[in-house]
Amino acid sequence: MRARDYRIEVKTDVVPIINVSLVIVLTLMIISPFLNNSDLEVKLPEATTTETEDQDKVEIVMTADGRFSVQEEEVAFDALPAAVADQFVNAPSRMAVLKADKSIAYGDVERVIAVIQKAGAPRIALATEQKTGGGG
Amino acid sequence: MRRKGKPTVRTIAEANVTPLADVVTTLIVVFLMTMPALVWSGIQVNATRAAKSREVVRKDRSTADKMTVLIHKGVIEVDGESLRMAELASMTRERMAGADDRTVILVPDDDVPLGWVVTVMDVLKQNGAEGLALLNRIGGEA
């Protein structure tokens, strides 16, 4: 009588890693439109008492060297009123969030706030970064 | 009674939850990592449209029924009194304690950096101010 032949096959089970990779890819694909990938770099002012919301917003970026972007699209200051107004045509209740560099003089920020207001934004917020450590 | 020498084969019917646990853990980790980029944080402001308000407030600030804070470079002025940050905190706490309307009017100078204005706003909010109104001269003129 012959003994049975047993062969041991060593194979890595790749199914779990495929599962996990697919989930990561899908999640990032869904999330990517909401992530900020603007080229404009801004150092936001820091505050401890910030309001955090994840509702629909119109993001206006203002850099220290005077560049602007509306919803990640760079625009010149002259084109800013039209670009901001476009955002409020279909969704007039959106919140305008002004991401301005902390070193910018308030006079310049005020000018942009006025533009946003004239464009029809019902609410305006100044974007801040959460301050770590105690405030005075 | 079990017979000797014959192995018993028992089928265990259990769902394999390991792939599910993998996927769920990955989802949680990805969401945790991307959450800070999805939500925004900031301070909501009211930019009031009043053509001459800035000038009116400068001249007649003591008669204003709301707390009015003038922000100069490095100095804060309330009711004609120059204050430091700690003094502003205690004064705000006192004024807000008995106030019905907790709106504070802010009048920053044009050359003050935004970071300083936000620091003042932060102190006001920490000490009971509910609404922050920025006097917007340009908005009013338009």
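Biologist: What makes up the secondary structure of chain B?

Modeller: The secondary structure of chain B comes to five helices and six strands, where helices (H or I, at least four residues) and strands (E, at least two) are DSSP runs numbered from the N terminus. Read from the N terminus on, the elements of chain B follow the order α-β-α-β-β-β-α-β-α-β-α. This is a predicted model, in which local features need pLDDT of at least 70 and side-chain atom pairs count only at pLDDT 80 or more, while totals for chains, interfaces and linings use all residues. Residues are numbered from 1 along each chain as its sequence is written, chains are lettered from A in the order in which they are written, and side-chain values use heavy atoms, with hydrogens and water left out.

Biologist: How do you know which residues of chain B and chain A take part in the contact?

Modeller: Contact means heavy atoms within 4.5 Å, and by that criterion 43 residues from chain B and 48 residues from chain A take part. The area buried between the two chains, that is, the accessible area (1.4 Å probe) that two parts lose on being put together, summed over both, is about 4,000 Å², and carbon and sulfur atoms give 62% of that area. W40(B), Q44(B) and L114(B) supply 21% of the area that chain B buries against chain A, more than any other three residues.

Biologist: Why is the count between chain B and chain A given as zero salt bridges, and how many residue pairs are in polar contact?

Modeller: A salt bridge requires a side-chain nitrogen of Lys or Arg within 4 Å of a carboxyl oxygen of Asp or Glu, and the count of such bridges between chain B and chain A is zero. A polar contact is a pair of N or O atoms within 3.5 Å, and within protein one must be able to donate a hydrogen and the other to accept it, residues adjacent in sequence counting only if both atoms are side-chain atoms; eleven residue pairs between chain B and chain A are in polar contact, both at pLDDT 80 or more.

Biologist: What makes a set of residues a nonpolar core?

Modeller: The members must be buried Ala, Val, Leu, Ile, Met, Phe, Trp, Tyr and Cys residues joined through side-chain atoms within 4.5 Å, buried meaning under 20% relative accessible area (1.4 Å probe, protein chains only). Of the 52 residues in the largest nonpolar core, L98(A), V109(A), V69(B), L88(B) and L124(B) touch the most other members. The largest share of this core, seven residues, comes from α4(B).

Conventions
Buried < 20%, exposed > 50% of the residue type's maximum accessible area, 1.4 Å probe, protein only.
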